[in-house]
Amino acid sequence: MLLPAQAIATTQDQSETAAPLSIQIPEGFTPPQAPATSESAKVEPAKESCLPTEPGSADQRAGVAEICTSIVSAAPQASDAKALRANEVQAEGEYCETSDPGTWHFERLKYCLEEMTVEFTLRGEQNQVLDTANLYVNTTATLDPRKGTWSESMKVEFDGSRDPMAAVQHLNVSADVSCDLNCETTRKSPWTGAKTLSNANDLAEGTVAYSDVPAVDEKDFTEIKYHLYITHTGSTPTKPNVEWTMPRYVRCNTHLTKTGNESTGCALSSIAPPDMELPISTYGAAAVTYGFGQYALPDGWGYRKSMQRALNGKERREYTCGTKSTVKFVHRYDIVPDDSCDEYPFASTKQGGTDGALCAEIIPLLEDDGKYHVYDSDPSRPVTGKEPCVRGHVPENLNELAGTAYSNYIQDWRLIEDDRFWVSIPDFFDKVKTGEDNGDGAAIVD
């Protein structure tokens, strides 16, 4: 009985056992920087806005001419009580899990505002500062890639003077949010009415909620705005005196699934998703095929360059593995039981769907040394290492397993047409016999 490598050699009419291909990194290659899967942005300061005190009000009788608010660029020194609460909040994993006040943080499915400082000031007739207090605002939201609804937590904390004779002993705070296009605020205010916060580090805390369900094949890029209404004497203002906007758009879209159901989900589409990880230890010859495309071919799709999702994957696959390929894929059941054609780049990407005649065609085989050896499959089209794609002879179950992983990945991270993503084969150099192993001088970058 022939061993796999001997069977390949016999098919290729060679007198000795076939040697695995030498997998080399193209000359001059520099490993790419990992794409950022999170971003931060400092809060934009807002110029001080002032309103005159109401005639006959307690503030006016106390000599207060104007009540002013502003968003400041950096938080002042926090009180001991406030610092303790901040540590407790972080320990509980609420709001932003970093320590960078006055900053927005973004991931593909999460955004949060960390301790934006709102300064409240009482000014006298000569524009002099009579007293100040601070409000610290935190918000956090997690988007759902499979729903068009999400909620957002909001916390406003008061930090005033410790002087019992200070003018600002409390503030009355209410809040609401808004969003545009087809988005609706199903819960507009995080708490009912105005909540009185004293200088004992009181909190106003609650949640708001949004809904955005575009029509099928449509997508929205929604802008979210926030409003705080702050008073000192207890009256209810008719306009917000502090406003700000979330500096990223939430994208929601709706499409039809293969079963004909409508699927809606939301994400911050400007933020890259984490790499799609396909270890050889799980996906076997399928992952070897993808790694070969990344390391042995010049484009290195998914590793050197990002790929983009395409919706017409079934049609594109016909050009690589199906009837529209000008070189038919010939199953090698003599070597690979349940052999199937697996392609890379994936057919359901803008980079996939290349004519199979142009692809390197390989047979990855797990051998006695515990590693996969990659063999040239078609003697009439030997692998040159310059091909734009690869066709792998892969057992059907592994092909399907990797396909399911890709399907889950695009759903989990809400990837739609043209969205970019990256692929990682983390154990490629541990699981694959490379040119370096052959002792033939091939240049391998690990």
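**Exercise 1. Find the cysteine that is joined to Cys 252, then describe the link.**

Step 1. Look for the sulfur partner. A disulfide joins Cys 252 to Cys 266, with an S to S distance of 2.0 Å. The cut-off for a disulfide is a pair of cysteine sulfur atoms within 2.5 Å.

Step 2. Read the torsion. It is 105 degrees about the S-S bond, and the link of Cys 252 and Cys 266 is right-handed.

Step 3. Cys 252 sits in strand S15 and Cys 266 in strand S16 (residues 262–267). The pair links distant parts of the chain, 14 residues apart. Strands here are DSSP runs of E with at least two residues, helices are runs of H or I with at least four, and both are numbered from the N terminus.

Step 4. Check burial. Cys 252 is buried, with a relative accessible area of 0%. Cys 266 is buried too, at 1%. Buried means under 20% relative accessible area, exposed over 50%, and partly exposed in between (1.4 Å probe, protein chains only).

A note on the source: this is a predicted model, where local features need pLDDT of at least 70 and side-chain atom pairs count only at pLDDT 80 or more, while totals for chains, interfaces and linings use all residues. Residues are numbered from 1 along each chain as its sequence is written, and side-chain values use heavy atoms, with hydrogens and water left out.

**Exercise 2. Describe the disulfide of Cys 96 and Cys 112.**

Step 1. Take the distance. The S to S value is 2.1 Å.

Step 2. Take the torsion. It is about 125 degrees about the S-S bond, so this disulfide is right-handed.

Step 3. Locate the ends. Cys 96 lies in the loop between H3 and S4, and Cys 112 lies in strand S5 (residues 110–123), so the pair ties together parts that are 16 residues apart in sequence.

Step 4. Check burial. Cys 96 counts as buried at 5% relative accessibility. Cys 112 counts as buried at 6%.

**Exercise 3. State the handedness of the link of Cys 179 and Cys 183, then the pairing pattern of the chain.**

Step 1. The sulfur atoms of Cys 179 and Cys 183 are 2.1 Å apart.

Step 2. The torsion is -85 degrees, and the link is left-handed. Both Cys 179 and Cys 183 are buried.

Step 3. Search the whole structure. Six disulfides turn up. With the bonded cysteines numbered in sequence order, the pairing is 1-2, 3-4, 5-6, 7-8, 9-10, 11-12.

**Exercise 4. Give the strand order of the open sheet of four strands.**

Step 1. The order is S10-S8-S13-S14, with antiparallel pairing. Two strands pair if DSSP finds at least two bridges between them.

Step 2. Find the edges. They are strand S10 (195–198) and strand S14 (242–245), and each pairs on one side only.

Step 3. Count bridges. Strand S8 (residues 170–179) and strand S13 (residues 224–231) pair over eight bridges. In S13, Ile 230 is the bridge partner of Val 173.

**Exercise 5. Which element gives the most residues to the lining of the largest pocket?**

Step 1. Know the term. A pocket is an open set of points on a 1 Å grid over the protein atoms alone, where a 1.4 Å probe fits, with protein on both sides within 12 Å along at least five of seven lines. Lining residues have an atom within 4 Å of a point.

Step 2. Count the lining. It has 37 residues, and Lys 258, Arg 309, Leu 311, Ser 348 and Ile 410 lie nearest the centre.

Step 3. Name the element. H6 gives the most, with 10 residues.
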